[in-house]
Amino acid sequence: MNRNPHERPAAVYRTTVSILLYMVLYLAIIALFTSIIVLSDNLAAKLVSAALALVMILPIVHTLRHTKDRIVVTSSHLSLTNITTRSKQGEWKTVQKAILPWGDIKDISPNYDIKLTNHLTIQKQVTVTLRSGTQYFIDSDLYDVLFLEHKLKSHWRRFRNH
């Protein structure tokens, strides 16, 4: 398999726009809770709002980790950055860069998952399963493309026999 890093990409999927939208949403929620703190005379409401505003920092940190993520599709491989995988012991770990030759991929499928890492997340993921049994999980909501699973599967069908 040719893994030439200078090979012209067939497609590149980034996280830029969706990360900005998530940040606007999280900051709006924090502003809402902060306004409750300022405008309310009730001590309990102020404490609950302050706690909820602080809790919103966790998804912000989680989302900011994916700011420079991208998926690069070439005719020889699929390149993923900051990707989640499950170890043989069943633990979640993050791989900074994975280069997956199309011939090594057994399947690309959707996966609805409830995951507890730093916080509870319920998300639709794209699962890339290798012939070795290793699975990589892509949070498709973070990428600036609709139907990421279908697009990756289309590239896989096109390039897997090259």
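Colleague: Why is Ile19 called buried?
Modeller: A quick word first: this is a predicted model. The relative accessible area of Ile19 is 4%, and buried means under 20%, so Ile19 counts as buried.

Colleague: Where does Ile19 sit, then?
Modeller: Ile19 is part of helix H1. Setting aside neighbours within four places in sequence, Ile19 is in contact with Thr63, His66, Thr67 and Leu142.

Colleague: How far apart are Ile19 and Leu64 in sequence and in space?
Modeller: They are 45 residues apart in sequence, and the C-alpha to C-alpha distance is 7.2 Å.

Colleague: Let's step back. What does the secondary structure of the protein come to?
Modeller: You get four helices and seven strands. Along the sequence they follow the pattern β-α-α-α-β-β-β-β-β-β-α.

Colleague: And how much of the protein counts as buried?
Modeller: Of its 162 residues, 42%. The accessible surface of the protein is about 9900 Å², and carbon and sulfur atoms own 59% of that.

Colleague: How are Tyr22 and Tyr26 placed in helix H1?
Modeller: They are four residues apart there, so about one helical turn separates them.

Colleague: Which of the words buried, partly exposed or exposed goes with Tyr22, and which with Tyr26?
Modeller: Tyr22 has a relative accessible area of 24%, so it is partly exposed. Tyr26 has 13%, which means it is buried. The cut-off that decides this is 20%.

Colleague: Why is the pair of Trp102 and Phe159 called tilted?
Modeller: Here the distance is 6.1 Å centre to centre, with 35 degrees between the planes.

Colleague: What does the pair of Trp102 and Phe159 tie together?
Modeller: Trp102 lies in the loop between E4 and strand E5 (105-116), while Phe159 lies in helix H4 (residues 148-159), so the pair ties together parts 57 residues apart in sequence.

Colleague: How do you know that Trp102 and Phe159 are buried?
Modeller: Trp102 has a relative accessible area of 1%, and Phe159 has 5%. Buried means under 20%, so Trp102 is buried, and so is Phe159.

Colleague: Why does Ser40 count as buried, then?
Modeller: Its relative accessibility is 15%, and the cut-off for buried is under 20%, so Ser40 counts as buried. Ser40 lies in the loop between helix H1 (16-39) and helix H2 (43-55). Not counting residues up to four places away in sequence, Ser40 touches Ala45 and Lys46.

Colleague: On to the strands. What makes strand E3 mostly covered?
Modeller: Nine of the ten residues in E3 (residues 77-86) are buried.

Colleague: How do you know that E3 and strand E4 pair?
Modeller: Two strands pair if there are at least two bridges between them. E3 and E4 (residues 92-101) have nine, in the antiparallel sense. One example is Thr81, whose bridge partner in E4 is Lys97.

Colleague: Which bridges join E3 to strand E7, and in what sense do they run?
Modeller: Two bridges join E3 to E7 (residues 135-139), and the strands run antiparallel. In E7, Phe137 is the bridge partner of Thr84.

Colleague: And how many bridges join strand E2 to E3?
Modeller: Three, again with the strands antiparallel. Ile71 stands opposite Leu80 in E3, and a hairpin of three residues links E2 to E3.

Colleague: Which residues form a nonpolar patch on the surface?
Modeller: Leu54, Ile57 and Val61, with about 280 Å² of accessible area together.

Colleague: Why are Ile57 and Val61 called partly exposed?
Modeller: Ile57 has a relative accessible area of 40%, and Val61 has 47%.

Note on methods
Residues numbered from 1 in each chain as written. Predicted model: local features only at pLDDT ≥ 70, side-chain atom pairs only at ≥ 80, totals over all residues. Heavy atoms only, no water. Patch = residues over 30% accessible without salt bridge, like charges linked within 9 Å, V, L, I, M, F, W, Y side chains within 5 Å. Areas by Shrake-Rupley, 256 points an atom, 1.4 Å probe, with all protein chains shown as cover. Salt bridge = Lys/Arg side-chain N within 4 Å of Asp/Glu carboxyl O. Buried < 20%, exposed > 50% of the residue type's maximum accessible area, 1.4 Å probe, protein only. Contact = heavy atoms within 4.5 Å. Phe/Tyr/Trp six-rings, centres within 6.5 Å; stacked < 30°, edge-to-face > 60°.
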